Amino acid sequence: EKVKINITSTHPFYGTVVMNLAFHLVDTAKVVGEKVRGATDCFANVYIDKDLNTGKEDLLVVIMHEIHHVICMHSQRRGERNPELWNIACDYAINLM
């Protein structure tokens with residue numbers, strides 16, 4: 001909840017999206033099949049790796065990155081494209097923001 005309040009107060013544009021997402025600390029290898037810092041299903045859940053050992057600022061970067069996947073509707077727009085290549089392309093686009 002603190003993360004949601006922090007993002008909403010510092011980045012109000014994202015408030016509606018953030019408040020409708022559930023954040024989960026998990027072993028991402030079990031959720032998405034590989035060890036990653038964060039992941040999302042692009043609908044309602046953001047998964048943050050429970051072993052992520054970063055500071056507050058880095059955690060915020062990971063969460064904002066995943067929120068951009070939701071906002072840009074990456075899962076819904078993938079269509080029949082190669083999922084791995086699509087994710088790489090989407091990550092690249094987000095990292096340029």
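Helix H1 (2–10), strand S1 (22–26), strand S3 (45–49) and helix H4 each give at least two residues to the lining of the second largest pocket. Here helices (H or I, at least four residues) and strands (E, at least two) are DSSP runs, numbered from the N terminus. The second largest pocket holds about 250 Å³ of space. It is lined by 16 residues, and those closest to its centre are Val3, Leu25, Ile48, Leu59 and Ile63.

This is a predicted model, in which local features need pLDDT of at least 70 and side-chain atom pairs count only at pLDDT 80 or more, while totals for chains, interfaces and linings use all residues. Residues are numbered from 1 along each chain as its sequence is written, and side-chain values use heavy atoms, with hydrogens and water left out.

The pLDDT, the predictor's confidence in each residue from 0 to 100, averages 87 over the protein, and 100% of the residues score at least 70.

The largest pocket contains about 650 Å³ of space. Of its 22 lining residues, Gly38, Ala39, His69, Asn87 and Asp91 are the closest to the centre. Two or more lining residues come from each of strand S2 (38–40), helix H4 (56–71), helix H5 (74–77) and H6. H6 gives the most, with 6 residues.

Both pockets were found on a 1 Å grid over the protein atoms alone: a pocket is an open set of points where a 1.4 Å probe fits, with protein on both sides within 12 Å along at least five of seven lines, and lining residues have an atom within 4 Å of a point. Grid points are joined across faces, edges and corners, and a volume is the space filled by probe spheres set on the points.

The linings divide by class as tabulated, with Ala, Val, Leu, Ile, Met, Phe, Trp, Tyr, Cys and Pro as nonpolar, Asp, Glu, Lys and Arg as charged, and the others, Gly among them, as polar.

| Pocket lining | Residues by class |
|---|---|
| Largest pocket | 9 nonpolar residues, 7 polar residues, 6 charged residues |
| Second largest pocket | 7 nonpolar residues, 3 polar residues, 6 charged residues |

Lys4 lies in helix H1 and counts as buried because its relative accessibility is 11%; buried means under 20% relative accessible area, exposed over 50%, and partly exposed in between (1.4 Å probe, protein chains only). Not counting residues up to four places away in sequence, Lys4 touches Val18, Met19, Leu21 and Phe23, where contact means heavy atoms within 4.5 Å.

Val26, in strand S1, is buried at 18% relative accessibility. Beyond its neighbours within four places in sequence, Val26 is in contact with Val31, Tyr47, Ile48, Asp49 and Lys50. Val26 and Lys56 are 30 residues apart in sequence, with 18 Å between their C-alpha atoms.

His65 belongs to helix H4 and is buried, at 16% relative accessibility. The side chains of His65 and His69 are joined by a polar contact of 3.2 Å. Such a contact is a pair of N or O atoms within 3.5 Å; within protein, one must be able to donate a hydrogen and the other to accept it, and residues adjacent in sequence count only if both atoms are side-chain atoms. Apart from neighbours within four places in sequence, His65 contacts Asp91, Ile94 and Asn95.

Met73 sits in the loop between H4 and H5. Its phi is near 55 degrees, a positive value in a residue other than glycine. Met73 is partly exposed, with a relative accessible area of 42%.
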